[in-house]
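Student: I would like to work through the strand pairing and the chain contact of this entry step by step. Could we take the sheets before we turn to the interface?

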Amino acid sequence: MSQPTQLLTFRTQGRWYACDLLWVREILRQPSITPVDQAPPIVRGLIHLRGQILTALDLDLRLGCAGGAEKPSACCIVFKTSVELGRLAQQPESAEQAGQDLLGILVDEIGDILSQQERVLPPPPESLSGLDPACIAGVIPRPAGLVSLLHVHALLRPTTATAA
Amino acid sequence: MSADETEMLGLFVQEANEHLETLETDLVRLETCPNDAALLNRLFRAVHSIKGTAGFFGLTPITDLAHLMESVMALLRDGRLHSDRELINLFLGSTDHLQVMVAAPDRAAEVDTRQARAALATRLDFEAPAKPSAGGAPVLPACLRGFSIDPELVRSSLRHGHHLYVIELQLTADIEAAGQTLLDYFRDVESLGLLIAAATAMSEGGLSEAVAGELQCTLLFATAMEPDLLLSAFNLPADRLTCPDQAVWSEWLATQPSLVPAASFASSTPPPPAAEVTPQTPQPIMSTPTPVPAPADSPAAGGPAARVKTEETVRISVSLLDALMNLAGEMVLGRNQLLRIAAPTRGGAVTPGQEGLAGIVQGISGVTTDLQRTIMRARLQPVGGLFGRFNRIVRDLGQKLGKEIELETVGNDVELDRALIEGLSDPLTHLIRNCADHGIEPAAERLRLGKPAAGKVRISAAHLAGRVQIEVRDDGRGLNPDLLKAKAVEKGVLAADQAARLTVAEAWQLIFAPGFSTAAVVSDVSGRGVGMDVVKTNIERLGGRVEIDSVLGHGTALIIRLPLTLAIIPALIVGCSTRRFAVPQLNLLEIVRPSAERPIERFGGSQVIRLREELLPVINLSTLLGLPTRTADEAPGYVLILKLDNRRFGLQVELVADTEEIVVKPLGRHLQGTGFYSGATLLGQGEIALILDLAGIAAGRLPSAEASATRALTREAALIATERILLFRDGSAETFALHIANIGRIEKIASSRIERIGGHDFFRQANGPTLRLLRIQDHLPVAPAGALPAEVHIIVPRLIHHAVALIAEQILDATDLPVDSLDTASLRGPGVLGTASLQNRLTVVVDLYSLLQAAGIDAKPPKVGQLSSLRVLLAEDTAFFREAVRRSLTEVVGSLDIAEDGEAAWARLQTGHYDVLITDLEMPRLNGFELTARVRDDARLKALPVIALSARDCDDFHAKAKAAGIDHYETKLDRERLCRALTQVLSPH
Amino acid sequence: MNALYSDTTLTLTFDGDLTSTTVVSVRAELIELLKNYPSATALVANLSQVGQVDSMGLNLLIGLYREAHFRKIPFRIENASPSVRRLFGLLNLNERFGVSAAA
């Protein structure tokens, strides 16, 4: 895959992740989430964003780890829709798989922005990481620990487990 | 190509596609209206426009084909040619070529249009010889017809002051006889001027007559030379030369598109009709147009230079529209907040300084709504545009498959978001192809089955319950579950035992399995089985669902339900705990508060509430969604009485807020399948409220429609459904009862006149046969009878052939027997229908027939002949069944009156006198159950026998019918059974 | 003249000029040939061997074109030489003969 130019890092519970910054639309702090009852657990709820409604997903559940306690999330990373991606001069990887709906993931903390120079190692087998392999593009060794690089398009895609 | 040129080319493609779409639709219409002048004109102009604009870009393959089409259409328009199916096919095929060429203009030359062009040219020759004939044309003078004239050449020639001549040549005589070869001759001609056009006359006759005659050719030639000089140069007699008037050229040129600078491109060409661009259009720089509705094109006036005035359209990019919509959405939010603040406080007091504010806010509110609506209309399109395209598909398929198929479209005005319409195009096309290919039988087979020869495919769109419902329905073979299961096993989709366990509905779902096709020969029309599963996926991708309904032998319906992705709808905002929900006003009938007088009760396994005469099921929203519920004491909450299709139910919520106009926002992919929500909206303060999907909420949670109606009527009807019986005693301790309907007459006789012969009692009547008398106790498992008093009664039964009567010492009373109070378990035996406790007495209800049989009298139900005295009233709303029943009964019963629905029947019952009522169950206004309820309620009509006829045959209905007091339930339509039912009703048990 | 019947398409290859001198006999030959193939669904005239075509030759070809029309089958000309194609073009016969315009 083409190397993304910049990566956004973020954390849920104890794990650090990264994704291509081109996919990111904005970051919300302390978002107010409206829960959707009887929705799949991966959907934590809906967020009102300047006249639009975005679906907020639980990152841990999506990746296959146990969800955190039901505490309010500190941040929501909002991703671009297919329309917004289409306007970019340079498209991030798999941009064509983006949908039209506005989606975001809930995280505990936003970290640094990493540049292109970072070395990316191939992802470990699922048995070791315990994470959904479809979403993992690789790992980046960092002083503080390993950062899992995520495929955003896979992350946002409804899986058979999530879509009813 | 420069950026400008690319842009222009893009515009050309846009316009051409619009023309091509109308062309296709109009061509199909032409088949049914071959002489519609406006239609023919439209066809001509569409092709003419395409030819003109293609000409600028030098797209000769397109102009060549378009020119031929135009010429033939001109003939049609002028009445010199009549269209037939082949010609329409030819035009449609040519339109297809044009579409391909327009889609990739730079590769237009690769499209093989030879056959089409040859065929069109043939039409020109043989129907209307190129040799000019008399007959004025609105646009071109006669001598110029048959030419393919490039207006630019004409213009430039005129500009240079050249003459334009029409020269008639006889090739052999004029040229070769003089010793020149044709090629040399023409080379000379071209050295003297510009050969603009040529037309060769096709000689009469076939091969046999060929070479016999002369070959004639006409030229349109521009030159500076004067006529006489030209004649001598060509060595021609004077009558061969014609020089049309300058005025003729001016007129003609005025109607031709002209090459002008880009700036006025749009205005000089006749504006295109506001048709929609097909999804296959390559997206040029200027994107999709705004479908501003345009009035129908006015036909071009007969004179020259008649411009067609259509509404001007502007092209606007989709993203701009989206931005406008979002802004409008936020404006609605602001407006809602403003409304709250500006609303007068309780008591009508107005905040000082804010007098008059309310009025202003109202004004702004109205404008905001209008603004929102108008912007949305830009994205909403009537679905009729999409449906219209199917006419051609159905027509072509019918031809190809050798079947007769009619397409009916309903709900063409229903508006959908453009994205939705585009997304539906492929799936619907496939569904229609499937109907034509697999569903509809060939005409001969249909006739054999008693169906009309032409199969019907019906595609409809409607807004229902906050969703859009699109149906594709055919009256063909229907789905055969066994066939489907067999195919599934054969294709390895299922194991044999799995297939065997499938229900009918599950078997239908097999058509959506990948790799499934039941066509014996997979026709190339609908493709392989991969089609249907792709259809389902595509529809689900749009956020919708597909359902199947089919009746074997009668047809199949595919029902697509889609969320309303764009709308402003009035909705009621309600709440449960901290959640807020929106309920579409469309479905809301009323709001009631449960109270002590009207509580929510348990009935069967569900909750119900009584609403006037009805019991309605109630769904508790909090329970449904897993939210904490409050007890009835804490807060009774509210019950929303909702209407869904023709069902009604209650939805219990905790609180009810206002009715607002909300903007529907679609839910993301992850939430498409929950089933409870059809969208979301933003409320005044920015809170999110989920819009409830009532169909989804009700699905599977309401008792089936019939059962709920049963419940509704059960309580009340139970009190009303009684049978009229006569109580009597025959000496013993027991009281007997006999259905009054069984009783013909009662007489009092002197016991002394009873004669005993051969172990039986007889009574000789003065007028009439001798009656055998029966003592009930002799035959029933009851205490034996004692001696007879001096006078007894005899009960002569009705409609029994045998001359028999029952002895009853004492006639007590006529009373009502509640239907469900008959105890059939305690006392059993011949002659006993059951026992009941009536008026504090245990009563044995007598079964007349078995009693007679026990007495050795073979009493068969009376023959059909007995019906001839009956006066029957039929209540039936479907004309077909009215007729069917009428035919079944007219010669059987005494008289048959027909009412067209329950109300009408009720009216008849008031004034008329009937022995039996036959009623359909499902009728508008007053249905069969309700009608029966009224009958049973009416003092005079209480005992009227009622037979129900229904198309449905299921346990629920039977039970419900019995509960309602219907004596007999028959499914439509079996004459034998109906007659038997009639006789049974008259002499029951 | 040579006749090739393949896939119900009848291809007639003329072997010489189509001019006033040859036309009459060619026509007779054509009429005879066509009788033998009543169920042809398409007619093709192969002019690869044809050098000259004059007005009579044109007449003949037009006659063939009409014959095809009577039979309700499509007709086209193939492999005409450039000069013959030019002639067709001048006289606006390209369409009828299913010939693309000469270069």
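Student: Over how many bridges do strand E1 and strand E3 of chain B pair?

Tutor: In this predicted model, residues 163-170 of chain B make up strand E1 and residues 216-223 of chain B make up strand E3. Within this pair, Glu168(B) lies opposite Thr218(B) of E3(B). The two strands are paired in the antiparallel sense, and the number of bridges is eight.

Student: Which strands stand at the edges of the sheet that holds this pair, and why is one side of each left without a neighbour?

Tutor: The sheet is open and consists of four strands of chain B with antiparallel pairing, in the order E2-E3-E1-E4. Each edge strand has a single partner strand, so one of its sides has no neighbour in the sheet. The edge strands of chain B are therefore E2 (194-200) and E4 (241-242).

Student: In the open sheet of six strands in chain B, what is the order of the strands?

Tutor: The pairing in this sheet is mixed, and its neighbouring strands are turned against each other by 40 degrees on average, direction ignored. Strand E25 (743-750) and strand E26 (754-757) of chain B each have a single partner strand, so these two stand at the edges. The order is E25-E29-E30-E28-E27-E26.

Student: Which residue is the bridge partner of Ala750(B) in E29(B)?

Tutor: E25(B) runs antiparallel to strand E29, residues 791-797 of chain B, and seven bridges join the two. In E29(B), the partner of Ala750(B) is Glu791(B).

Student: Which residue in the turn of the hairpin formed by E10(B) and E11(B) has a positive phi?

Tutor: Strand E10 (residues 545-551) and strand E11 (residues 555-563) of chain B are antiparallel and share seven bridges, with Ser550(B) bridged to Thr556(B) of E11(B). Three residues lie between the two strands of the hairpin. The turn residue with a positive phi, about 90 degrees, is Gly553(B).

Student: Turning to the contact between the chains, which element gives the most to the side of chain B that touches chain A?

Tutor: The contact takes 23 residues from chain B and 23 residues from chain A. On the side of chain B, the elements that give two or more residues are helix H12 (318-342), strand E21 (677-682) and strand E22 (688-692). The residues of this side divide into nine nonpolar, ten polar and four charged. With five residues, the element that gives the most is H12(B).

Technical notes:
Residues are numbered from 1 along each chain as its sequence is written. Chains are lettered from A and ligands numbered from 1 in the order in which they are written. This is a predicted model: local features need pLDDT of at least 70, side-chain atom pairs count only at pLDDT 80 or more; totals for chains, interfaces and linings use all residues. Two residues are in contact if their C-beta atoms, placed from the backbone, lie within 7 Å. Ala, Val, Leu, Ile, Met, Phe, Trp, Tyr, Cys and Pro count as nonpolar, Asp, Glu, Lys and Arg as charged, and the others, Gly among them, as polar. Two strands pair if DSSP finds at least two bridges between them. Axes are lines fitted to C-alpha atoms, for helices over the stretch in contact, and angles run from 0 to 180 degrees between N-to-C directions.
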